[in-house]
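Subject: The structure we talked about

Dear colleague,

Here is the structure that I promised to hand over, and my notes on it follow below. Please keep the model open while you read, so that you can look up each place as it comes up.

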Amino acid sequence: MRGPTVSNFASVANPAVVKRFAVIGHPVAHSLSPRIHAAFGRQTGIALEYTAMDATPELFDAILAEFAAEGGVGANVTLPHKGRAAASCTTLSERARRAGAVNTLVRTATGWEGDNTDGVGLVRDLTERHGLDLRARRTLLIGAGGAARGVAPALLDAGIGDLFIVNRTPERADALADALSMPGRVHPRYLRDIGSLGTFDLIVNATSAARADGLPALPMALANPRTAAVDLSYGEVAIPFLAWARAAGSRDCIDGLGMLVEQAAESFQRWHGVRPETDEVFEELREHRAELVTAD
């Protein structure tokens, strides 16, 4: 039942006591998560095994159950399973409950506890690594799936101004806005009306559109000279949106590589009780950015 795996191991002295972790997604073969967690393990002296497990949507529950039965104690969850993972948990952290999506699983005596480290990872990357002040920024969130759900609460907590959500399926944008429960600040809109929304100081692409039939048509007028444009993906999948952002005159054009490293560090802390340093790992990955294919 287990899908194909790609393994990275921290050096170990006694394999019998090595804890098992994984990232589960579809596709997932190019995931950087095993490489990142192996680096964190070496840095902190923690022995671990971390594999990439491919699970189609219909097999997610079975593969997660098999992973637990074989001793798995923690997992990251990526596309397209973040919503399904939340439903598979016996308990949810506050930030996972607010997001309605899970990217981090922690095995407990009563089953899986779900957490979401995407939002805090994004905010830490934008504010600490890139030096952005998010306060009062009029924000456009493109997409309303698991990735968008993971980051929206943290952006609001970081003090952004009004948040406009657009999605190909308007019902999903409405559902996310309802879940955030801030009608004075959060505004779902139809994607077809995006040209009438004005300009934004922060534009976040949380869709996986570049994997399929491409980005929606985005008016150049969405951006202004202060705009920070952020794609939650990295590597080749982020190229179309960031190319549009540069052409539209955005001041900052940021992909999701830093967010990936920061959310991984938050997950690592949940599992091991220590937060690793992220800058060295980020710089190493950035040197090979041209080779990256998003799978997280």
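The side chains of Asn-103 and Thr-104 are joined by a polar contact of 3.0 Å. Please keep in mind that this is a predicted model, and that this distance, like the other values below, was computed from it. Asn-103 sits in the loop that runs between α4 (94-99) and β6 (104-108). With a relative accessible area of 2%, Asn-103 is buried, because buried means under 20%. Leaving aside residues up to four places away in sequence, Asn-103 touches Ala-75, Asn-76, Val-77, Lys-82, Asp-115, Asn-116, Thr-117, Asp-118 and Gln-263.

The largest pocket deserves a look of its own. The space in this pocket comes to about 810 Å³, and of the 41 residues that line it, Leu-79, Ala-147, Ala-206, Thr-207 and Ser-208 are the closest to its centre. Which elements each supply at least two residues of the lining? They are β4 (72-77), α3 (82-87), α6, β9 (163-167) and α9 (257-272), and the largest share, three residues, comes from α9. When the lining of the largest pocket is sorted by class, it has 17 nonpolar, 18 polar and six charged residues.

Helix α6, one of the elements that supply the lining, covers residues 146-157, and eleven of its twelve residues are buried, so that the helix is mostly covered. The buried residues of α6 are Gly-146, Ala-147, Ala-148, Arg-149, Gly-150, Val-151, Ala-152, Pro-153, Ala-154, Leu-155 and Leu-156. Take Ala-154 as an example from this helix: its relative accessible area is 17%, and it is therefore buried. Apart from residues up to four places away in sequence, Ala-154 touches Gly-119, Val-120 and Val-123. Ala-154 and Ile-165 are eleven residues apart in sequence, and their C-alpha atoms are 15 Å apart in space. Just after α6, Gly-159 takes a positive phi of about 100°.

Helix α9 holds Glu-266, which counts as buried because its relative accessibility is 7%. The side chain of Glu-266 is joined to the side chain of Arg-275 by a polar contact of 3.1 Å. Arg-275 is also among the residues that Glu-266 touches, and the others are Arg-95, Thr-117, Val-120 and Arg-124, again not counting residues up to four places away in sequence.

Ser-233, which has its place in the loop between β12 (228-231) and α8 (239-247), counts as buried because its relative accessibility is 7%. Ser-233 and Leu-257 are 24 residues apart along the chain, while their C-alpha atoms are separated by 7.2 Å.

With best wishes,
A colleague

Conventions: Residues numbered from 1 in each chain as written. Predicted model: local features only at pLDDT ≥ 70, side-chain atom pairs only at ≥ 80, totals over all residues. Heavy atoms only, no water. Helix = DSSP H or I, 4+ residues; strand = E, 2+ residues; numbered from the N terminus. Buried < 20%, exposed > 50% of the residue type's maximum accessible area, 1.4 Å probe, protein only. Contact = heavy atoms within 4.5 Å. Polar contact = N/O pair within 3.5 Å; in protein donor to acceptor, adjacent residues only side chain to side chain. 1 Å grid on protein atoms, 1.4 Å probe; cavity = no way out; pocket = protein on both sides within 12 Å on 5 of 7 lines; lining within 4 Å. Points joined across faces, edges and corners; volume = space filled by probe spheres on them. Nonpolar A, V, L, I, M, F, W, Y, C, P; charged D, E, K, R; others polar.
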